[in-house]
Amino acid sequence: MASSGSAIRKAIGRTLAPALLLRSARAFSAGMAPPATSSAATAATAGDPHVWLEDVLGEKPLAWVDEVNRKCIDYVGDPKATGTYRRIKSVLDSKDKIPHAFRIGNGDGSRYYNFWQDADHVQGIWRRTSLESYKTKEPEWTTVLDLDALPPPTTGTAKTWVWHGSTLLDEGPDKPVDRALIRLSPGGSDADTCREFDLNEERFVDPVTEDGFALPEPAKTRISYRSRDEVLVGTDFGMDGSTLTDSGYPRVVKSWRRGTPIEDAATVFEGERDDIAASMYAYHDRGHVHEFQLRSITFYTSKYFYRPLTVDGIAGTTCDEETAPFREVPIPEDAELGTFADMAMVTLRSDFEAPSGVVFGTGSLVTLPMSDLMDGDWSEAVSLFAPTPSRSLSGTTECRDYIILKLLEDVKTRLEFWRFDK
């Protein structure tokens with residue numbers, strides 16, 4: 001098996017039916033390429049006569065939308081008056097929906113969180129419960145954040161907030177998870193705001209009196225904790241578009257220290273202007289610490305750069321002061337990369353002949369020690385999944401010691417378990 005002493009082995013026993021799996025939350029910064037959209041600058045350069053529609057909350061574009069909607073409804077009828085609309089809405093507003101939950105915290109102090117919307121909570125509530133309560137027919141939920149109760153946005157014409165998710169502070173398996181970065185969008189646009197949230201006191205952390213991280217201006221931002229007092233952030237610094245790609249997404253990533261103005265944040269990574277986006281993220285993974293830089297070149301191609309860190313190192317040294325170098329990860333540009341402890345998880349979108357001479361087919365999921373991958377050594381690589389004409393991989397879920405593959409085989413869902421051996 002792997003020379004690092006770790007391996008992922010197939011577990012004995014399988015289940016043939018789908019199951020509800022609670023995924024343990026981690027402070028991952030999204031690394032995949034965002035949806036395509038053209039920036040105003042790009043459209044103007046191309047002479048686009050519809051560039052004025054880029055001002056999505058402007059008075060003129062909204063008046064145009066109202067007029068087009070009126071003409072459409074006059075022609076086809078109001079969908080809200082149909083039985084189909086009422087039936088679909090009743091399903092979406094039903095309190096009988098399964099409240100999918102994810103865990104925040106470690107050990108006995110962990111709680112299970114769910115974002116919920118219904119007729120009484122139109123914008124939604126972020127709520128929590130215990131595992132014991134979640135197992136019951138009617139869990140007892142405590143509201144953590146009520147979006148309908150928040151003061152409305154003060155920029156643009158948006159009147160409501162839309163939930164864009166949370167990113168957690170993760171300092172390792174033995175540390176409590178007590179902070180999160182909450183992303184809210186005014187009106188539901190791609191742009192969002194970000195504020196730090198105290199999970200113990202269930203309130204926002206004041207940026208003035210408590211040095212809480214906050215980005216109040218809506219922008220297409222990517223932000224995640226690197227340590228308790230440092231975040232990695234990519235956004236429209238200066239709000240002039242100079243730090244964005246031609247697609248309108250972050251191109252420059254900075255290290256922002258708690259208690260300092262964002263204008264003083266240090267640049268730690270830059271992508272190319274014609275990339276889709278650039279991002280950077282660090283995280284703890286079962287006793288190991290990984291840090292990546294990512295250029296999303298197109299929708300399906302990327303370049304990864306990697307360095308391993310230590311728990312003490314990431315807590316005590318900021319990104320701009322860390323001397324360990326990044327190295328480009330030697331995988332195909334159309335491959336996707338993740339980790340499980342000290343193992344790399346490589347998903348292939350095209351056939352790949354490893355330096356060892358072994359060919360892994362399109363759609364395969366391959367694992368090998370991260371250190372071996374960086375050295376170009378695939379001799380210990382194991383294929384966790386290889387597709388067939390009747391078999392495909394539709395998703396994965398991670399537990400503490402297992403990777404669970406969700407397979408579609410002959411149009412039937414099947415779960416396959418692989419165990420991580422330290």
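Reader: Taking buried as under 20% relative accessible area, exposed as over 50% and partly exposed as in between (1.4 Å probe, protein chains only), how does K89 count?
Author: K89 is partly exposed, because its relative accessible area is 40%. Please note that this is a predicted model, in which local features need pLDDT of at least 70 and side-chain atom pairs count only at pLDDT 80 or more, while totals for chains, interfaces and linings use all residues. Residues are numbered from 1 along each chain as its sequence is written, and side-chain values use heavy atoms, with hydrogens and water left out.

Reader: And what does the K89 side chain meet?
Author: It meets the side chain of D93 in a salt bridge, with N to O at 2.7 Å. A salt bridge here is a side-chain nitrogen of Lys or Arg within 4 Å of a carboxyl oxygen of Asp or Glu. D93 is partly exposed, since its relative accessible area is 22%.

Reader: Where do D93 and K89 lie?
Author: Both belong to helix α3 (residues 83–93), four residues apart, which is about one turn of the helix. Helices (H or I, at least four residues) and strands (E, at least two) are DSSP runs, numbered from the N terminus. An α-helix has 3.6 residues a turn, so residues three or four places apart point the same way.

Reader: How many salt bridges does that rule give?
Author: The count comes to 34. One of them joins R179 and E196, whose closest N and O atoms are 3.3 Å apart. R179 lies in strand β7 (residues 179–186) and E196 in strand β8 (residues 192–198), so this pair ties together parts that are 17 residues apart in sequence.

Reader: Are R179 and E196 buried or exposed? And which network of salt bridges includes R179?
Author: Both R179 and E196 are buried. The network links R179, E196, D198, D229 and R258.

Reader: How many residues of β15 are buried?
Author: Nine of the nine residues of strand β15 (residues 277–285) are buried, so the strand is largely enclosed by the rest of the structure. Both faces are covered: A277, S279, Y281, Y283 and D285 are on one side, with A278, M280, A282 and H284 on the other.

Reader: What sheet is β15 in?
Author: β15 belongs to an open sheet of four strands with antiparallel pairing, in the order β15-β16-β17-β18. The edge strands are β15 and β18 (327–328), each pairing on one side only. Two strands pair if DSSP finds at least two bridges between them.

Reader: How many bridges join β15 to β16?
Author: Nine bridges join β15 to the antiparallel strand β16 (residues 288–296). Within β16, F292 is the bridge partner of Y281, and H290 is that of Y283. The hairpin has two residues between the strands, and in it R286 takes a positive phi near 55°.

Reader: Which residue forms a salt bridge with R295?
Author: The side chain of R295 meets that of D275, at 2.8 Å from N to O. This pair links distant parts of the chain, 20 residues apart: R295 is in strand β16, and D275 is in the loop between β14 (266–270) and β15. R295 is buried, with a relative accessible area of 16%, and D275 is buried at 1%.

Reader: Back to helices: how far apart are the end C-alpha atoms of α2?
Author: They are 26 Å apart. The expected span is 1.5 Å times one less than the number of residues, and for the 18 residues of α2 (residues 59–76) this gives 26 Å, which agrees. G77 follows α2, with a positive phi near 95°.

Reader: Which residues does M374 contact beyond its sequence neighbours?
Author: Leaving aside neighbours within four places in sequence, M374 is in contact (heavy atoms within 4.5 Å) with Y306, R327, E328, V329 and P330. M374 lies in helix α6 (residues 370–374) and counts as buried, because its relative accessibility is 8%. M374 and Y306 are 68 residues apart in sequence, with their C-alpha atoms 8.4 Å apart in space.
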